[in-house]
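User: I would like to learn how to read a model like this one, feature by feature. Could we take the backbone, the fold, the helix packing and the buried side chains in turn?

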Amino acid sequence: VSQPACCRASRNWQFFFVNGRQVKSRLMMAALEEAYRNQLLKGKFPGCVLRLTMPADRLDVNVHPAKTVVKFVNDKDAFNAVYYTVLDALNTPAPQPKKPQQCISGCSQF
């Protein structure tokens, strides 16, 4: 998920996957945005790549002919899985890139 300061004016950078298939899910989108509540400016949307894996009998992929829309058997469980995972990611400090070390000769070494 993106940091709150790196959000955009559209949802174009939101990608959701369920059991390896890219889907459109209003429920997953709502859970994502609820996790960012009070951290975003109005009209800004977070970017994400979220992958949810669950038993096939817990969702219906036959909602849309192209199978890009899914319906969950238990919406609350799916919402909570996304919501709490995003909250955890937002509350975990991002790893800092390593700074190159300088060799005696002045070259950069990683």
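Analyst: In this predicted model, Asn19 sits in the loop between S1 and S2, and its phi is near 50°, a positive value in a residue other than glycine.

User: Is Asn19 buried, partly exposed or exposed?

Analyst: The class follows from relative accessible area, where buried means under 20% and exposed over 50%. Asn19 therefore counts as partly exposed, since its relative accessibility is 36%.

User: How should I describe the fold as a whole, and in what order do the elements of the chain run?

Analyst: One begins with the inventory, which here is two helices and seven strands, and then reads the order from the N terminus, which is β-β-α-β-β-β-α-β-β. For the surface, 27% of the 110 residues count as buried, while the chain exposes about 8100 Å², of which carbon and sulfur atoms supply 54%.

User: At what angle do helix H1 and helix H2 pack, and how far apart are their axes?

Analyst: A helix pair is described by angle, axis distance and handedness, and then by the residues that make the contact. Helix H1, residues 26-35, packs against helix H2, residues 75-91, at an angle of about 35°, with the axes 8 Å apart, and the crossing is right-handed. On the H1 side the contact is made by Leu27, Met28, Ala30, Ala31, Leu32, Glu34 and Ala35, and on the H2 side by Asp75, Ala78, Phe79, Val82, Tyr83, Val86, Leu87 and Leu90. Sorted by class, this contact has 13 nonpolar residues, no polar ones and two charged ones.

User: What are the surroundings of Gln14, and which polar contact joins its side chain to another?

Analyst: Gln14 is found in strand S1, residues 14-18, and it counts as buried because its relative accessible area is 10%, under the 20% cut-off. Its side chain makes a polar contact of 3.5 Å with the side chain of Glu33, and a polar atom of the Gln14 side chain lies 3.0 Å from the backbone oxygen of Pro46. Leaving aside neighbours within four places in sequence, Gln14 is in contact with Met29, Leu32, Glu33, Phe45, Pro46 and Cys48.

User: Which backbone atom lies 3.0 Å from a polar atom of the side chain of Ser25?

Analyst: It is the backbone nitrogen of Met28. Ser25 itself lies in the loop between strand S2, residues 21-23, and H1, and it counts as buried because its relative accessibility is 6%.

User: How far apart are Val70 and Arg21 in sequence and in space?

Analyst: Here the two separations are read side by side: Val70 and Arg21 are 49 residues apart in sequence and 10.0 Å apart in space, C-alpha to C-alpha. Val70 lies in the loop between strand S4, residues 59-60, and strand S5, residues 71-72, and because its relative accessibility is 9%, Val70 counts as buried.

Definitions and conventions
Residues are numbered from 1 along each chain as its sequence is written. This is a predicted model: local features need pLDDT of at least 70, side-chain atom pairs count only at pLDDT 80 or more; totals for chains, interfaces and linings use all residues. Side-chain values use heavy atoms; hydrogens and water are left out. Helices (H or I, at least four residues) and strands (E, at least two) are DSSP runs, numbered from the N terminus. Buried means under 20% relative accessible area, exposed over 50%, partly exposed in between (1.4 Å probe, protein chains only). Accessible areas come from the Shrake-Rupley method with a 1.4 Å probe; for residues, only the protein chains shown count as cover. Axes are lines fitted to C-alpha atoms, for helices over the stretch in contact, and angles run from 0 to 180 degrees between N-to-C directions. A crossing is left-handed if the near helix is turned anticlockwise from the far one by less than a right angle, and right-handed if clockwise. Contact means heavy atoms within 4.5 Å. Ala, Val, Leu, Ile, Met, Phe, Trp, Tyr, Cys and Pro count as nonpolar, Asp, Glu, Lys and Arg as charged, and the others, Gly among them, as polar. A polar contact is a pair of N or O atoms within 3.5 Å; within protein, one must be able to donate a hydrogen and the other to accept it, and residues adjacent in sequence count only if both atoms are side-chain atoms.
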